[in-house]
Amino acid sequence: MTDIPQIAAQPRNQWWDVWDQFKTHKGALIGAIFFLVILLGVIFGPWLWGIDATFIDIRSRNQGPSFAHPMGTDQLGRDSFARMMAGGRVSLAVGLTAMALAIGLGTLIGVIAGYFKRLDGLLMRTTDLFLALPLLPLLLVIIMLFRDKLNAAFGPEGGIFILMVSAIGATSWMQTARIVRGDVLAIKEREFVLAARSIGTPNRRMITRHILPNVLSPIMVSATLGIANAIITESALSFLGLGFPPDFPTWGRLLFDSVDYLQQYPERVMWPGLAISLTVLSVNYMGDGLRDALDPKIRGR
Amino acid sequence: MFTFTIRRLILTIPTLLFISLVLFTIVKLSPSDPTGNLPLTIPPEVREKIRESLGVNKPLLVQYLLWLKQFFWLEPRIFLEHSFGWNLGTADETRLISYQTRSPVMDLIVQRLPQTLWVVGVAYLVGTLIALPIGIISAYKQYSVFDQLGTLVSMIGFSVPPFFSGVLVIVIFSVMIPSDSYFWLPSIYDTTHEVTDWASFKYQFRQMIMPVMVLALQITAQISRFTRASMLDNLNQDYVRTARAKGLKEKTVVLVHVLRNSMIPVVTVIALGIPSIFGGAIITEQVFKVNGLGQLLIIAIQGGDVPTVQTLTFIFAILIVLFNLIADVLYGILDPRIRYD
């Protein structure tokens with residue numbers, strides 16, 4: 001009797017393969033861990049850290065780092081560490097929401113343009129038009145114009161948050177749309193789509209069941225890079241003095257405020273600057289690793 | 001190729017018109033009033049007259065067409081008059097007037113342009129010159145220490161925003177280093193400084209180091225990545241093996257055969273990056289207090305100066321469209337495989 005060789009390997013979910021490949025990229029792994037730490041830190045940190053970000057203790061103003069205040073205090077005696085965590089919360093919230101908006105919009109337009117041939121020309125010309133707009137000046141103008149109206153409607157913090165997120169989202173979906181459209185065009189010609197169509201799959205299910213899962217990897221990569229872009233844009237706007245109100249900290253705003261004290265307390269610009277740079281760096285590395293991990297051609301090697 | 005260029009050139013006209021309409025409408029929606037900054041003692045009927053003279057009471061479409069006429073017909077003629085001394089009869093027409101300074105917008109832009117061009121142009125040149133060798137060497141020695149270092153530097157260039165890198169170099173070179181030291185650098189870019197002799201040239205050089213380097217870091221990051229990827233694509237091609245097999249020197253193979261072919265996408269990226277640099281320079285100009293176009297835009301936005309904002313953003317848009325066109329045409333000229341017609 002001959003032994004029938006047992007099939008040793010269990011069928012695996014493909015996401016385990018992706019994870020295995022992702023793990024081999026050291027920079028991406030460190031980046032992901034760092035981003036997770038920052039994310040958890042800004043979500044749970046303010047609860048654990050006893051001092052409120054807006055608590056003014058004028059007698060202990062302008063202190064250097066100590067055990068009571070690990071990052072020192074600012075010109076009003078507010079604890080810089082608490083302000084950094086509160087600021088990170090806003091910065092990351094803006095980054096993640098704006099990214100989600102941009103990705104949603106980009107995917108929608110990309111899929112529609114790629115799938116429905118009739119709309120392709122129109123949508124892609126629109127994308128080209130948006131790409132030709134000068135984005136940073138336009139963002140500055142939009143924020144300047146609509147700030148007061150939205151502030152009146154949703155309060156100073158809510159208004160500027162909505163404005164910031166929608167402005168950044170509406171001006172950064174174009175790359176995603178282009179990439180997704182290209183991929184959809186290629187996938188549409190494959191046999192499995194033809195097979196699905198031959199059994200009478202309606203367009204809606206065709207897109208959600210067959211097309212979207214196959215364009216997921218470029219979307220995920222542009223999502224990570226989108227976070228980095230949104231965080232930098234938000235800080236840049238805050239740095240130019242057109243972001244959140246002064247008593248409402250974000251990393252960009254904290255950096256902007258610290259520049260006034262550059263001569264006396266140069267270390268104060270370091271904290272928000274390092275936080276922005278390291279977060280963006282970790283997100284970029286994460287995107288780099290994700291790109292490799294999601295590419296089946298690289299994964300097997 | 002020629003027909004393609006012509007076709008693209010014609011296609012830019014509706015694009016630019018549409019963009020100008022969008023920008024015009026967005027800026028016009030602003031609640032800012034051109035008479036808002038005038039003294040309160042001016043009676044309302046005079047105010048109304050001022051508004052009328054500025055043309056703010058007319059319907060939006062009329063205002064837009066008027067602006068188009070001023071931008072595309074009047075201002076170019078005035079430019080020609082100034083540069084050649086002709087008389088084209090522009091003296092009694094209303095130019096685009098800034099609400100803030102009450103002087104023609106174009107004059108403001110012409111005043112600010114040299115500073116921006118000087119700082120940004122030098123930065124772009126320096127950044128490209130640093131990026132190309134880095135990209136070439138890191139592709140040729142892929143996965144070497146140099147390549148890893150190059151990747152790290154470009155990742156930093158991507159991740160550290162100019163408002164932090166700028167402030168950081170100010171902390172190091174202007175604050176921590178004592179001002180009598182040789183390595184001290186001025187943190188504020190003095191645009192009234194004139195180069196007359198060696199000492200003033202040295203000062204000009206020193207004050208340009210920081211803004212130029214901050215801008216150049218970002219440019220280097222982008223272009224060196226592109227050069228590396230493009231070189232890697234070409235290094236594995238068959239013609240490289242052929243060139244080596246027929247006994248060409250390694251230097252010739254890399255620097256003549258591979259580099260030439262790799263430069264095709266890189267040149268277009270360099271062209272595409274030029275307009276975005278004007279936008280990115282807004283922040284760098286703000287950090288180093290360079291009174292260039294970016295700073296003019298910020299002041300105009302904060303002051304609700306509608307004509308200046310409209311004109312400046314539209315000029316940025318023209319630059320983007322123009323360099324997109326240049327990049328497309330360059331691509332066709334450099335690569336005979338990609339001819340669009």
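## Salt bridges

Across all chains, the count comes to 8 salt bridges. Keep in mind as you look around that this is a predicted model.

One salt bridge to look at sits in chain A, where the side chains of A:Asp128 and A:Arg125 meet at 3.2 Å, N to O. Because these two residues, A:Asp128 and A:Arg125, are 3 residues apart in helix 4 of chain A, about one helical turn separates them. An α-helix has 3.6 residues a turn, so residues three or four places apart point the same way.

## Helices 4 and 7 of chain A

Staying with helix 4 of chain A (residues 117–131), its axis comes within 10 Å of that of helix 7 (residues 174–188) of chain A, and the two cross at roughly 145°. The crossing is left-handed.

From helix 4 of chain A, the residues in contact are A:Asp120, A:Met124, A:Thr127, A:Asp128, A:Phe130 and A:Leu131; they meet A:Met174, A:Gln175, A:Ala177, A:Arg178 and A:Arg181 of helix 7 of chain A. Sorted by class, this contact holds 5 nonpolar, 2 polar and 4 charged residues.

## A kinked helix in chain B

Now turn to helix 7 of chain B (residues 198–235). With 38 residues, a straight helix would reach 56 Å at 1.5 Å a residue, but the end C-alpha atoms here are only 46 Å apart. Follow the helix to B:Ile209, shortly before the proline B:Pro211, and you will find a kink of about 35°.

## Helices 4 and 7 of chain B

Helix 7 of chain B also has a partner: its axis and that of helix 4 (residues 105–140) of chain B come within 5 Å and cross at roughly 35°, in a right-handed crossing. The residues of this contact divide into 25 nonpolar, 8 polar and 1 charged.

Key
Residues numbered from 1 in each chain as written. Chains lettered and ligands numbered in written order. Predicted model: local features only at pLDDT ≥ 70, side-chain atom pairs only at ≥ 80, totals over all residues. Heavy atoms only, no water. Helix = DSSP H or I, 4+ residues; strand = E, 2+ residues; numbered from the N terminus. Expected span 1.5 Å × (residues − 1). Bend = angle between axes of the 7 residues up to and from the residue. Axes fitted to C-alpha atoms, helices over the stretch in contact; angles between N-to-C directions. Left-handed = near helix turned anticlockwise from the far one by under 90°. Contact = heavy atoms within 4.5 Å. Nonpolar A, V, L, I, M, F, W, Y, C, P; charged D, E, K, R; others polar. Salt bridge = Lys/Arg side-chain N within 4 Å of Asp/Glu carboxyl O.
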